[in-house]
Amino acid sequence: MGTLIHLAILEQEKFENSVIVCNLDQRTTAFKDWIDEKFGTPIPSLEPVDSEKKSKKKETKYIVHKGKDGQYLKDGKEFFVIKQEEMDTLRAIQKSVFSHKRASALLENSVPEISGVAQCPVTGLFLNIRGDARGHDYFIDLQSCQDAVS
């Protein structure tokens, strides 16, 4: 969920284009067929074609590529398949963050996925940082938790 929260807050356009809601049970054949058709690459049949014989309807087989975060990869793009309940949670998180005056101001003036280098004033060591986003003189590192109330 952390990757999806990151996208929902810092890369909203990518979030809208890469997150797909599917409420099918992931353990079912219907879900697997849907994934094959949506994200799979058909594997060409290697059987010789005989036009005189009536061919049986051949089942199309697919190769589906998945990324390390469970996303599906197709045509150089990544797609996340989630349930409606998860989408509702992500929309609530977006609404909460962007309705917070200070958080939205910090995010508005930041660029996602930027690295930086700073020199420690005490030791003189150079330090590398890669936050989730960078503003003029600050870095943002988004964190998520189960329940912020308890």
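## Close-up views of a predicted model

**View 1. Contacts of Val-19**. Apart from neighbours within four places in sequence, Val-19 is in contact (heavy atoms within 4.5 Å) with Leu-4, Phe-80, Ile-82 and Met-87. This is a predicted model, in which local features need pLDDT of at least 70 and side-chain atom pairs count only at pLDDT 80 or more, while totals for chains, interfaces and linings use all residues. Residues are numbered from 1 along each chain as its sequence is written, and side-chain values use heavy atoms, without hydrogens and water.

**View 2. The largest nonpolar core**. A nonpolar core is a set of buried Ala, Val, Leu, Ile, Met, Phe, Trp, Tyr and Cys residues joined through side-chain atoms within 4.5 Å; buried means under 20% relative accessible area, and exposed over 50% (1.4 Å probe, protein chains only). The largest core has 15 residues, and Leu-4, Phe-15, Val-19, Ile-82 and Leu-90 have the most contacts inside it. Two or more residues each come from α1, β6 and α4, with the largest share, six residues, from α1. Helices (H or I, at least four residues) and strands (E, at least two) are DSSP runs, numbered from the N terminus. A second, separate core of eight residues includes Cys-22, Ile-35, Phe-39 and Val-81.

**View 3. The two faces of helix α3, residues 29–39**. The buried residues of α3 are Phe-31, Ile-35 and Phe-39. These lie on the same side of α3 because they cover an arc of only 40° around the axis, taken from the directions from the helix axis to the C-beta atoms. Exposed Thr-29 and Glu-37 sit on the face turned away from the buried side. The cover over the buried residues includes β1 (19–21), β2 (41–43), β3 (61–63), β5 (72–74) and β6 (77–82).
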